[in-house]
Amino acid sequence: MPETESKLINLYEHPGHLLRRAQQISVSIFYDEMGSELTPVQYAMLRNLAAQPGVDQVSLSALSGIDTSTGATVCARLEEKGLLERKVIPTNRRQRALTITAAGEQLLEELVPGSQRLRRRILAPLTSAEQLQFMELLTKLVQKNNEQSRAPLAPRETAR
């Protein structure tokens, strides 16, 4: 260990702890701005489904960086809310093709202003230049560590 490296006694020197705190703050602001109709995970799944209509449940989970078990539960909840439809794929009866409903599309449209406010609030403590740098670095951190995840994010072009 280099002599200049901290012993990491202070919890707030741990990137994982700071990321967890940032996630807690992000979720709190999410509910402030987006309401309680959807959880952040449900929103991510529905938003990804809108971009990939007809995708199967397993691929949608991979696109969202969510394990397949959680993805199945989230899809069931979204179906119960009338926001998506699941249909068995005839060529693979274990998989379900998903489509967003008109109600799901309408809800996503209604949430656009909230999602814009959410982004602005999360990034508000940073200058414009810092916001760009932060997003670049956060994206790099996530992409370069993707394979370390228990549910690696699938690239959009190969998820189908």
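This is a predicted model: local features need pLDDT of at least 70, side-chain atom pairs count only at pLDDT 80 or more; totals for chains, interfaces and linings use all residues.
View 1. Residues are numbered from 1 along each chain as its sequence is written, and side-chain values use heavy atoms, with hydrogens and water left out. The structure holds 2 aromatic pairs (rings of Phe, Tyr and Trp, the last by its six-membered ring, whose centres lie within 6.5 Å; planes under 30 degrees apart count as stacked, over 60 as edge-to-face and the rest as tilted). Phe-30 counts as buried because its relative accessibility is 5%, and Phe-30, Tyr-31 and Tyr-43 form one aromatic cluster.

**View 2. Salt bridges of Arg-121 with Asp-32 and Glu-33.** A salt bridge is a side-chain nitrogen of Lys or Arg within 4 Å of a carboxyl oxygen of Asp or Glu, and the count by this rule comes to 5. In the bridge between Arg-121 and Asp-32, the closest N and O atoms are 3.3 Å apart; Arg-121 lies in helix 5 (residues 102–123) and Asp-32 in helix 1, so this pair ties together parts that are 89 residues apart in sequence. Helices (H or I, at least four residues) and strands (E, at least two) are DSSP runs, numbered from the N terminus. The bridge from Glu-33 to Arg-121 has an N to O distance of 2.9 Å, and this pair links distant parts of the chain, 88 residues apart. Glu-33 is buried at 15% relative accessibility, whereas Asp-32 is exposed at 52% and Arg-121 is partly exposed at 37%. Asp-32, Glu-33, Arg-117 and Arg-121 are linked in a network of salt bridges.

**View 3. The hairpin that joins strand 1 to strand 2 through 2 residues.** Strand 1 (residues 84–89) and strand 2 (residues 92–100) run antiparallel and are joined by 6 bridges, where two strands pair if DSSP finds at least two bridges between them. Glu-85 has Thr-99 in strand 2 as its bridge partner, and the side chain of Glu-85 also meets that of Lys-87 in a salt bridge (3.7 Å, N to O). Lys-87 counts as exposed at 51% relative accessibility, while Glu-85, at 38%, counts as partly exposed.

Methods:
Buried means under 20% relative accessible area, exposed over 50%, partly exposed in between (1.4 Å probe, protein chains only).
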